[in-house]
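Good morning. Please look at the model on the screen; I will talk about its aromatic rings.

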Amino acid sequence: MKKLIRYIVLFCLPLLLLLVIVPVDKRQVYEGLSGDCYNHGLWVHDRIFEQEKNTDIIFLGSSRTINSVDDSLLSTALAPMQVVNFGYCRLGRNLHHHFLQEILSRKKVRHLILEVRETEDQFSHPIYSYMAPTPSVLASFGSLNRQWPRDLWQHFTYKTSLIQQGLYPGKRPPEIEQRTYGFSSYTDSLKPEEVYRLQEKWANHARSYPGNMAYYFPRTYLEKIAALCEQNDIRLTFLYLPAFGQTSLPPLDEALYEELGEIWQAPTSYQENPHHWFDGQHRNQAGAAVFSQWLAEQLRPD
């Protein structure tokens, strides 16, 4: 039995090493995620690597950032500065760190505005293992990534698929994305009964701190992001984007954000109008326009 196990290991080891060292086309990595977040990944890639336009002020965050920050409006208001909304659906600080690394490999950034919520998300971003390079996925174990086995499995199965596609190319790659801005939102607004339900929900909701061990993973990547900003002379700002009905309280990790950078929180009047929200998590177009005008005033000193 021991001999059989040894033979299996000796057989698999070269294949694993091959998977680690064989490169894959970066654009193909993002292209393969067309079914996720409205194909926003390919736009992120092309905005960084295929377009020559600047990225003076960038926003990183989740769909709350996508739906709240009108980067076209901000770029017009702050011309000639270029503002870019690199938000991506769902949470995970390791993806924000990866995006920042990608951007800095090709662009100069003056100011990073990073979304924060009521509490820090404790988990790896579901799409990180697909986008990140192999060394980064392997190294995330050291950040106490509780989803490291899942990330590792997803990374290598996806990479295997991409290598196979490279050996047997089929359809032509999609055209280069020409959109300059990443903002997207909806026109609908909250219905009265939904407003009441959300207000009741948050009125009875008690926030609790999960402990240092649970927060080690997001804190590690926040510190890495802050270190990159310091190395590249980038101003770091944390932008508090609470859910509807949660605006009366500061973020739970306010002290950490103030230690690493500065934190912005819009006045209550920019947060609690139900006509400015599509659902309990996301602003609509009207809300984004008003909120982005407030952001423009904060960014004018840049």
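Buried means under 20% relative accessible area, exposed means over 50%, and partly exposed is in between, using a 1.4 Å probe and protein chains only. This is a predicted model, where local features need pLDDT of at least 70 and side-chain atom pairs count only at pLDDT 80 or more, while totals for chains, interfaces and linings use all residues. Residues are numbered from 1 along each chain as its sequence is written, and side-chain values use heavy atoms, with hydrogens and water left out.

Now the pairs. Rings of Phe, Tyr and Trp (its six-membered ring) pair if their centres lie within 6.5 Å; planes under 30 degrees apart are stacked, over 60 edge-to-face, and the rest tilted. The structure has 10 aromatic pairs. One of them is Tyr186 with Phe278, which is stacked, at 4.3 Å centre to centre and 20° between the planes. These two residues are 92 apart in the chain. Tyr186 is partly exposed at 33% relative accessibility, and Phe278 is partly exposed at 27%.

The rings of Phe217 and Tyr221 have centres 5.2 Å apart and planes at 65°, so this pair is edge-to-face. Are these two residues buried or exposed? Both Phe217 and Tyr221 are buried.

Last, charges. A charge sits over a ring if NZ of Lys or CZ of Arg is within 6 Å of the ring centre and within 35 degrees of the ring normal. The charged end of Lys224 is over the ring of Tyr221, 4.5 Å from its centre. Arg283 lies over the face of Phe291, 4.0 Å from the ring centre. Phe291 also belongs to one aromatic cluster with Tyr270 and Trp294.

Technical notes:
Helices (H or I, at least four residues) and strands (E, at least two) are DSSP runs, numbered from the N terminus.
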